[in-house]
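Let's take a walk through a protein model together.

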Amino acid sequence: STLRLDVLIPTLVHLMRNGATVVLTGHNGRPEGKVVPELSLGPVARKLQELLQAQGYSYPVTFHEKSITERGLARDIRIQNGAINVLENTRFYEGETKNDPVFSKGLAALVDNYLFVFDAFASGERLHSSTGGVARYMDKTAYGLVMQKENLCLTQALERLYGMYMGGGPKVKEKIPVIKNVIPNIASGGFLAIGTGPVAAFLKVLYGIEIGQRPS
């Protein structure tokens, strides 16, 4: 599916129309700091070029294949002005998920007139070098059009919330603040249904029930 690229294009077009040179970062999979060719963003960059051309946009997309090394950013990166520059999978560098300040500063140093635009809703909760880390070294920060739309939809939903389903998964710690913020907004008689991951954690903490153990 090209959905994530499709929704990103309006933000890219807006930036390009206003004279920006874009440096686009992203990740794919969990290579854990190792270069895994199968997880390269090269195919993503090529697909982005195809989608732009299909919509009648002639903005060039430049993929920097050697941009990420085991030490962070390659020294010989040459950002192309007036283009959308796609860097290699940021998770090829192990400091990415650790929010390494050296890597964050390196990303910020790639551009002039620093403006950081965050538009990856699915990664919004992660404090990595290419998300929250690099923003600390930019002159200005902003949300992209995807994030703005998501924020508007969530705000409107919370104003008239009668029920909410929260998915499972292992990131229980990240879900606690969301649960605390949502509960006061649920209308009288409404509900909050929680998926398997948090439920297992709650059962263990509250009742000492381990996963796979039947309640007595």
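Start with Asn99, which sits in the loop between strand S5 (84-87) and helix H3 (101-108). This is a predicted model, by the way, so treat what follows as a reading of that prediction. Asn99 has a positive phi of about 55°, although it isn't a glycine. Why point that out? Most residues other than glycine have a negative phi. And is Asn99 buried or exposed? Its relative accessibility is 13%, and buried means under 20%, so Asn99 counts as buried.

Now hop over to Glu32. You'll find Glu32 in the loop between strand S1 (22-24) and helix H2 (42-54). Glu32 isn't a glycine either, and its phi is positive too, at about 55°. What about its surroundings? Glu32 has a relative accessible area of 64%, and the cut-off for exposed is over 50%, so Glu32 is exposed.

Time to zoom out. The chain is built with seven helices and nine strands. Taken along the principal axes, its C-alpha atoms fill a box of roughly 65 × 40 × 35 Å. Of the 216 residues in the chain, 34% are buried.

Next, look for empty space. Rolling a probe the size of a water molecule over the atoms shows where such space is left. Let's visit the second largest pocket, which has a volume of about 900 Å³. Which residues lie nearest its centre? They are Phe121, Glu125, Leu154, Glu174 and Val178, out of 24 residues that line the pocket. Helix H5 (145-159), strand S8 (161-166) and helix H6 (172-182) each supply at least two residues of this lining. H5 gives the most, with seven residues. What kinds of residue make up the lining of this pocket? Sorted by class, there are 13 nonpolar, five polar and six charged ones.

Let's finish on the outside. Val199, Leu203, Val205, Leu206 and Tyr207 form a nonpolar patch on the surface. Together, these five residues have about 520 Å² of accessible area. Pick out Val205, one of the patch members, and you'll see that Val205 belongs to helix H7 (residues 196-207). With a relative accessibility of 70%, against a cut-off of over 50%, Val205 counts as exposed.

Technical notes
Residues numbered from 1 in each chain as written. Predicted model: local features only at pLDDT ≥ 70, side-chain atom pairs only at ≥ 80, totals over all residues. Heavy atoms only, no water. 1 Å grid on protein atoms, 1.4 Å probe; cavity = no way out; pocket = protein on both sides within 12 Å on 5 of 7 lines; lining within 4 Å. Points joined across faces, edges and corners; volume = space filled by probe spheres on them. Helix = DSSP H or I, 4+ residues; strand = E, 2+ residues; numbered from the N terminus. Nonpolar A, V, L, I, M, F, W, Y, C, P; charged D, E, K, R; others polar. Patch = residues over 30% accessible without salt bridge, like charges linked within 9 Å, V, L, I, M, F, W, Y side chains within 5 Å. Areas by Shrake-Rupley, 256 points an atom, 1.4 Å probe, with all protein chains shown as cover. Salt bridge = Lys/Arg side-chain N within 4 Å of Asp/Glu carboxyl O. Buried < 20%, exposed > 50% of the residue type's maximum accessible area, 1.4 Å probe, protein only.
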